Structure formats: structure tokens, C-alpha cells
Amino acid sequence: MKKLSIVLAGVAFSTLSLGLKTAQAHGGHLHPDSGHLPSDSGQSPSSIDPRIESNSIFYGEARPLGNGLVRTWVRLNDNENPTDIGVSFTDSALFGLPGESDDVGEYPLKLPLLDGIDHSTFEYELLFPKEAEATPFTHLALNWNPSGHAPEGVTTVPHFDFHFNLFTPEERHTITADNLEDFLTKAYKAPPVEFLPPGYIAPPMAAEPRMGVHYIDPTSPEFQRPFDRVFIYGSYDGKMAFWEPMVANSFLLTKPNTTDLIKLPSAYPKSGYYPTAYSVNYANGEYSVSLNGLKYRSVPEPSLTLGTLAFGAFSAVSFLNKKRKQTA
């Protein structure tokens, strides 16, 4: 029955793809609508699917999600630089998702949460297409939370966590809680303060295996209204680990088209194209969650300090003196 649902989902995804106007062998664009503002326009991205009216969309491998399919993508501009990076999934993907008592094996991988309320998450790991390599994001860990997770009464509703990971899959897989004390020590080891926006904090019970610790903005609207979406940062062992939109299933079912600016840090861990906004969109039978308005952020190469230069000069003098003594 599961195989049949995947086959049917594949047919649906293929049918949807026939509605895309292929502009190049590597991509396509949805039927014309009002255009998405370029990331270098100086304006906020518009609240429509960034893939609409673009002929430079590159996709990752499509994989099952619920009764549908999911795939990552990146959008490039005319200079072949990334402007948007995201994930899209078909209508039917929101149905047939695993429940709290299910366990379907390695895909999706069921993980117990350490949030103190004994809930579980289901992880779907997806690679980004190679055309996204100018961004810092290596892969997506999409987590389906059938009962939500802490903080209780805020995000304890069915929702998705979209982890845009800076670690490689192999690095992320080593983040385990086999030694809980060691895990928590590394998880709560803060990254350089400039890598996080002002006001973001790591609350208690916010560290999870295969993720790290989650930083939230206590002034975010979800603390004043029923949770629908929020943006989170993550780190592990003093290094930035992910940027994460979190989106409620109930919000997706409204077929939204929203774009929110991201509170940004003052510095970045490595050079690359980083987002300035994130969007939740619905168009032509597909949902899309994406990071938008990508801007290039450069990280200066480490410079030689006076101390380093002095040590080098001292070493050189010592070496020459030793040589003179040997030849005397």
C-alpha cells in the first residue's frame, strides 16, 4: 500500500511538472504571475513563490513525503549567483504523514526529542543541488513533528522544522546524546556573539541530537499569537549549525503567500550567499518554504598579527645563529 501511494504521488508530481514551462534543460518556471523582486534590488522580496517566472531553477532529487513528494531547489540570477534557496512539496505531502506511534525505519528517521515532554520527530534528509554550492547550506533536514515540541503551549502543535544546515550530513550525524552531559556541554557552547542577531537566546531544553541548540527571539510574534511560523538559528560546539524556518501544518493548509524579513547577525562564519528574508508560499499545487534575498557576505582572511610576525622573525634569527655555529 505504501509503494502504491508513492507511485501515485510520483504520477501527481510528474503531472504537475508538465505544467512547468521548461526554459532550460536544468530548470523551469511556473506560469506567469507578478514577478519576484530580484535579491539585489534593494527591496524586500515579494510574497509569491520565488520560482514563478524564473528560468534558472535547479532541483535536487525528489523524495517521498507523506502521500506526496518533496525536493530542494535553488534559484540563480543572470550572473549565475543564487538569489533564493528552498524546498517544495506537493499538496498530497501534507497527508499520510507518520504519527507519534509510527516508526517507518531509516526514512524518515524517527528520533525521540529531549524537550521534556516525550515527543518525537521524523527526519527527512535532502541534499541541495550542486548549483547551491555558493551558499553556506549543504543540505536540508526537514523534521515533521506530529505532536509538536517544547515550549509547551506554544509549539506543541503539528508542524515542520526546515533546518538549512551549515554542517555536512556526516558532521551532523555525529551530534548524538549517547553521552548526555558531553552533548549538552557542546550544544550550549555559544558561538561568537556576532554570529547571532541581537536578542536571540538559547532557552532550556532547546538542544537536540542531529541538530544542536536552538536560539529563539523572545519578542517574536508567536509568543503573542497562536504559532504559525517563526525563524530560528542553531549552533553546536561553538559553531553555527543551521538557519531554520518553523511552520505550522495548519498555516500551510491556508495556502499562504508570506515573506518575512530575517533578523540578521553582524558577521558570518564563512563567505557565501546568505538570506535576508524567508517565505512560505503556495502555487500550482505545490507548497514552498524558502530563504530569499540572498546577499554575498565575505569573511576576511586571517591576517598576520604583530605577534605572529615577531615569532617568525625570532625563529629565523635563531635558525641563522645555529647555522653559523655549525659552520664555525
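**Salt bridges and burial in a predicted model**

D260 is partly exposed, with a relative accessible area of 21%, where partly exposed denotes values between buried (under 20% relative accessible area) and exposed (over 50%), using a 1.4 Å probe and protein chains only. This is a predicted model, in which local features need pLDDT of at least 70 and side-chain atom pairs count only at pLDDT 80 or more, while totals for chains, interfaces and linings use all residues. Residues are numbered from 1 along each chain as its sequence is written, and side-chain values use heavy atoms, with hydrogens and water left out.

Overall architecture

- The protein has five helices and 19 strands, taken as DSSP runs numbered from the N terminus (helices: H or I, at least four residues; strands: E, at least two).
- Of the 328 residues in the protein, 49% are buried.

Salt bridges

- The structure holds twelve salt bridges, each defined as a side-chain nitrogen of Lys or Arg within 4 Å of a carboxyl oxygen of Asp or Glu.
- E286 and R51, both buried, form a salt bridge whose closest N and O atoms are 3.1 Å apart.
- Because E286 lies in strand β18 (residues 286–292) and R51 in the loop between β2 (27–29) and β3 (57–59), this pair ties together parts that are 235 residues apart in sequence.
- D260 pairs with R229 in a salt bridge, with the closest N and O atoms 2.6 Å apart.
- Since D260 belongs to strand β15 (residues 258–261) and R229 to strand β13 (residues 229–236), the pair ties together parts that are 31 residues apart in sequence.
- R229 counts as buried at 14% relative accessibility.
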